[in-house]
Amino acid sequence: MNSIDFSLDTARRLDREDPLADWRAAFHIPPAPNGSDCLYFTGNSLGLQPRRVRHLLEEELEDWARLGVQGHTEARRPWMPYHENFTELNARLVGAKAHEVVQMNSLTVNLHLMMVSFYRPTAERPAILIEKPAFPSDRHAAASQIRFHGFDPDQDLIEIGPREGETNIRPEDLMALIEAEGHRIALVLLPGVQYYSGQVFDMAAITQAAQAKGARVGFDLAHAAGNIPLQLHDWGVDFAAWCSYKYLNGGPGAIAGCFVHERHAEDETLPRFAGWWGHDKSSRFRMGPEFHPIPGAEGWQLSNPPILAMTPVLASLEIFDEVGMSALREKSLKLSETLLQWLDDRLADTVEVITPRDEKQRGCQVSLRLKEGDGRRIFDALERDGVICDWREPDVIRVAPVPLYNRFEDLYHFVDRLEQAILMDRTL
Ligand SMILES: Cc1ncc(COP(=O)(O)O)c(C=O)c1O
């Protein structure tokens with residue numbers, strides 16, 4: 001990308017040239033203390049509310065009021081097969097076949113359900129490989145699965161982190177570890193995008209290398225779904241799970257997504273925790289004692305889905321489908337590249353960017369560390385000024401300009417206000 005002049009005029013010109021600019025109006029932008037729109041950079045934590053959510057929810061409430069139990073079959077979007085509304089949308093979002101995806105539960109629940117089926121440790125091959133520092137819930141889930149099978153996480157939870165003094169995991173270190181330890185790894189469980197640094201992992205290469213060693217491979221896509229293009233089917237990933245409240249704007253605690261590769265679709269020998277919603281649809285209501293899983297990801301469902309909690313996700317996934325991941329990725333790269341350039345121009349001496357510079361290794365998120373001053377105090381000052389980013393202990397500010405509702409103008413104001421907050425902090 002050419003050099004981009006740091007000015008409000010340039011930012012506004014980039015916004016005028018942005019083919020996705022109008023989508024911002026499809027979202028509620030929270031107000032800043034002064035009443036104008038806040039500068040919202042936490043779509044990687046909780047995405048904003050699409051305006052159409054309210055309308056879809058009202059339709060569900062009306063249908064419930066009007067139809068009672070008959071809504072299961074008579075609602076505008078009948079509740080019985082409600083989760084099927086998500087199938088094609090999710091399949092296009094994550095690069096899957098329709099029967100490989102399902103909307104259900106929450107992320108950690110899905111990771112556990114997937115590990116029940118795909119983490120089958122033996123004395124020779126007991127280990128799970130995760131990254132360090134993994135998101136705590138992923139580490140708890142993996143360690144508890146290891147213990148559940150009678151193994152010891154101190155021995156069998158293999159963690160790969162950045163080298164001393166570095167902030168990202170070197171892809172070659174990861175590959176070398178898979179090569180060296182692969183014979184005792186039962187499951188590789190890694191993120192698509194690392195939550196702290198924003199580093200994107202090469203999921204295709206990891207899958208290929210780990211499976212060649214006889215391991216199963218699952219991805220936590222909490223920070224990847226709706227952020228970067230995914231091709232889960234072609235990459236041959238065994239399973240993946242993601243939450244819908246970050247980039248996917250499905251609302252706090254929204255119902256999650258799950259992928260199971262079609263090679264496992266009909267494998268009834270896989271152990272699984274079962275529930276009636278995963279049972280063959282044609283005989284579900286015969287209420288028999290036998291369990292016959294629906295072939296594919298739907299066969300891992302447990303309960304009938306919470307319609308009111310699913311609806312906001314539907315409203316948002318429809319937007320993703322209309323815009324398409326390739327257009328979103330194109331704008332996202334322009335946004336993050338602009339942010340990086342402007343930070344370099346204005347704040348190279350004070351701000352260290354820990355997210356990889358290589359565009360293949362980053363998504364929307366740019367993680368920053370301040371080289372001087374009190375990072376937390378500067379972060380708090382930004383927040384008081386209507387700049388919403390997030391703080392991750394011990395010293396990182398995560399900033400995620402998202403292509404659906406962030407503007408180039410937001411980036412200009414962010415860099416400007418960060419500069420002012422740093423200057424102000426020097427005087428304290
Ligand atoms: C990478 C990652 N894994 C797991 C979780 C936990 O998600 P949940 O509470 O939806 O299970 C989060 C939540 O932010 C996350 O970012």
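A search of the whole structure, which is a predicted model, finds 39 salt bridges. One of them joins the side chains of K331 and D18, with a nitrogen-to-oxygen distance of 2.7 Å. K331 belongs to helix α12, whereas D18 sits in the loop between α1 (8-17) and β1 (39-40), so the pair ties together parts that are 313 residues apart in sequence.

The chain is assigned two domains. Domain 1 is made of two stretches, 8-50 and 324-426, and domain 2 covers 81-322. The centres of domain 1 and domain 2, taken over C-alpha atoms, are separated by 29 Å. To the contact, domain 1 brings 34 residues and domain 2 brings 27 residues.

The size of an interface is often given as the accessible area lost when the parts come together. Between domain 1 and domain 2, the buried area is about 2500 Å². Carbon and sulfur atoms give 60% of this area. The number of salt bridges between domain 1 and domain 2 is zero. Polar contacts do occur there: 14 residue pairs are joined in this way across the two domains, counting pairs with both residues at pLDDT 80 or more.

On the side of domain 1 that touches domain 2, the elements that give two or more residues are helix α12 (325-347) and strands β10 (366-370) and β13 (396-399). The largest share comes from α12, with three residues. Sorted by class, this side of domain 1 has 16 nonpolar, 10 polar and eight charged residues.

For D138, a polar side-chain atom is 2.9 Å from a nitrogen atom of the ligand. Y245 places a polar side-chain atom 2.7 Å from an oxygen atom of the ligand. For K246, the distance from a polar side-chain atom to a ligand oxygen atom is 2.7 Å.

Some details of the backbone are also of note. Most residues other than glycine have a negative phi, and most peptide bonds are trans. The peptide bond from K132 to P133, however, is cis, with omega near 0°. P133 is placed in the loop between β3 (127-131) and α6 (136-148). Another cis peptide bond links E393 to P394, with omega about 0°. The position of P394 is in the loop between β12 (390-392) and β13.

N105, a residue other than glycine, has a positive phi, near 55°. N105 is found in the loop between β2 (101-103) and α5 (107-118).

Definitions and conventions. Residues numbered from 1 in each chain as written. Predicted model: local features only at pLDDT ≥ 70, side-chain atom pairs only at ≥ 80, totals over all residues. Heavy atoms only, no water. Domains from an automatic or database assignment. Contact = heavy atoms within 4.5 Å. Buried area = accessible area lost by both parts, 1.4 Å probe. Salt bridge = Lys/Arg side-chain N within 4 Å of Asp/Glu carboxyl O. Polar contact = N/O pair within 3.5 Å; in protein donor to acceptor, adjacent residues only side chain to side chain. Helix = DSSP H or I, 4+ residues; strand = E, 2+ residues; numbered from the N terminus. Nonpolar A, V, L, I, M, F, W, Y, C, P; charged D, E, K, R; others polar.
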